[in-house]
Amino acid sequence: MTQQTTAPAEPTAATASGGAVTLTGISKTWGDFTAVQPLDLTIPEGSFFALLGASGCGKTTTLRMIAGLEEPTSGTVRIGDLDATQLPPHKRPVNTVFQNYALFPHLDIYENVAFGLRRRGIKSVKKQVEEMLELVELGHLARRKPHQLSGGQQQRVAVARALINRPKVLLLDEPLGALDLKLRRQMQLELKRIQTEVGITFVHVTHDQEEAMTMADTIAVMNAGRIEQLGAPADLYENPVSTFVANFLGQSNLIEATVSGTSGGDLLLSGIGEGSLAMPAARCAAPATSGDKVLAGIRPEKISIVHADDAAEVPDGRNRLTGRIVDASFIGVSTQYVVNSPWCPELAVFSQNVERDSRLAPGAEVVLHWNPAHTFGLDAAQDIDAGTGEAAA
Ligand code: ATP
């Protein structure tokens, strides 16, 4: 697959919609299979935007419709204030960087980066190419051929080659997928730095939730051709609106409970724990009143774990559950426990390794406790395993 050439963007004027990309009612159907359900999406100007989801959820198809590489079944694509729906790829002010770099093997790095300018008939390319190579910190390798570079360096050349065209939007389709984990982490920070420096809107497709959270300022979580939730990484993490988002973005403990009443701004939950548990009503994704079933969600790192012998030390006002450790994995920075509780099997608890209690080993009876304010609530009618990889297909 090759990179597109690009119509250079006009200076970034504010657009009518305020979005660098505005999708309205966009969908894609092949035969009787719908890969992307009709969706509306505004990608803010200057943002680092991630389309995140499991394989096959429709994120690449959405990106390709923005690029003009796939014709939408319905809807419109605006890039800035330009209606691009009917425009071929090379007439759109976008560039795409693919996973396989698609560099020209016979050209050196300098000429690879200069390519887009030369193709547009620009003669004096030196200043721009040097600036671009400096941006991706490869000036010293300008005369090497692509095969003489590492994977991460080649990917940076691909980014430089795309950015030199000054696209209004840079589309990145799993660009780090071929790199090993350590290099991926480095490149995530590199790409973020480059985006901040150039200020161009980046739209990044990935199935890696950590990657999306590291780089993006806004994430759209996609599932089965729909956007499940859109927001800043921390908002999505702290306030997921569905079991899919709660499980796909990080890890969540989801505990079935019944609302038994209210206390101040809290919902009281029965059916779990020795006493009742509390959860802020404002953190419940769907309105719930007495008698309603809900899923109480709590992230593993928000839970404290103590040996049952120390139960009396748990402060009042905490949500608490008893259980037994069935697994403990020491992973350096933390220990990850799996705890079976009579009210919920296989609760995950991540405990920072500050002062380790040697009694906290498989078989130990323990008390788990957490601040009620850290509990979030989800509609219990959903599949509790959605997004875990163990969901019903
Ligand atoms: P991945 O991370 O694996 O690339 P994705 O979320 O990007 O997944 P898409 O490539 O957008 O997913 O594909 C969405 C769905 O559409 C998949 O089920 C895929 O098999 C299907 N699909 C993609 N292209 C075509 C095509 N040309 N004809 C028929 N079905 C297609």
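Arg166 is partly exposed because its relative accessibility is 41%, where partly exposed covers values between buried, under 20% relative accessible area, and exposed, over 50% (1.4 Å probe, protein chains only). The model is predicted, so local features need pLDDT of at least 70 and side-chain atom pairs count only at pLDDT 80 or more, whereas totals for chains, interfaces and linings use all residues. Residues are numbered from 1 along each chain as its sequence is written, and side-chain values use heavy atoms, with hydrogens and water left out.

Arg166 sits in the loop between helix 4 and strand 7 (169-173); helices (H or I, at least four residues) and strands (E, at least two) are DSSP runs, numbered from the N terminus. Although Arg166 is not a glycine, its phi is positive, about 50°. Most residues other than glycine have a negative phi, and most peptide bonds are trans. Glu174 is also not a glycine and has a positive phi of about 45°. Glu174 belongs to the loop between strand 7 and helix 5 and is buried because its relative accessible area is 12%.

Glu174 is one of the residues that surround the ligand, a residue being near a molecule or strand if one of its heavy atoms lies within 4 Å of it. By class, the shell has 5 nonpolar, 5 polar and 2 charged residues; Ala, Val, Leu, Ile, Met, Phe, Trp, Tyr, Cys and Pro count as nonpolar, Asp, Glu, Lys and Arg as charged, and the others, Gly among them, as polar. Strand 2 (33-44) and helix 1 each contribute at least two residues to the shell, and helix 1 gives the most, with 3 residues.

Helix 1 (residues 59-67) is largely enclosed by the rest of the structure, because 7 of its 9 residues are buried. The buried residues are Lys59, Thr61, Thr62, Leu63, Met65, Ile66 and Ala67. Gly68 follows helix 1 and has a positive phi, near 90°. Thr61, which is placed in helix 1, counts as buried because its relative accessibility is 11%. Apart from neighbours within four places in sequence, Thr61 is in contact (heavy atoms within 4.5 Å) with Lys28, Trp30, Ala35, Val36 and Glu70. Thr61 and Pro300 are 239 residues apart in sequence, and their C-alpha atoms are 34 Å apart in space.

Arg156 lies in helix 4 (residues 151-163) and is buried because its relative accessible area is 15%. With neighbours within four places in sequence left aside, Arg156 is in contact with Val136, Glu137, Leu138, Met187 and Glu190. Glu190 is part of helix 5 (residues 181-198) and counts as buried because its relative accessibility is 14%. Not counting residues up to four places away in sequence, Glu190 touches Val136, Glu137 and Arg156. The side chains of Glu190 and Arg193 are joined by a polar contact of 3.0 Å; a polar contact is a pair of N or O atoms within 3.5 Å, and within protein one must be able to donate a hydrogen and the other to accept it, with residues adjacent in sequence counting only if both atoms are side-chain atoms.

The domain assignment of the protein gives domain 1 (10-238) and domain 2 (243-392), domain bounds being taken from an automatic or database domain assignment. The C-alpha centres of the two domains lie 38 Å apart. Their contact takes 14 residues from domain 1 and 10 residues from domain 2. The protein has 8 helices and 20 strands, and 50% of its 393 residues count as buried.
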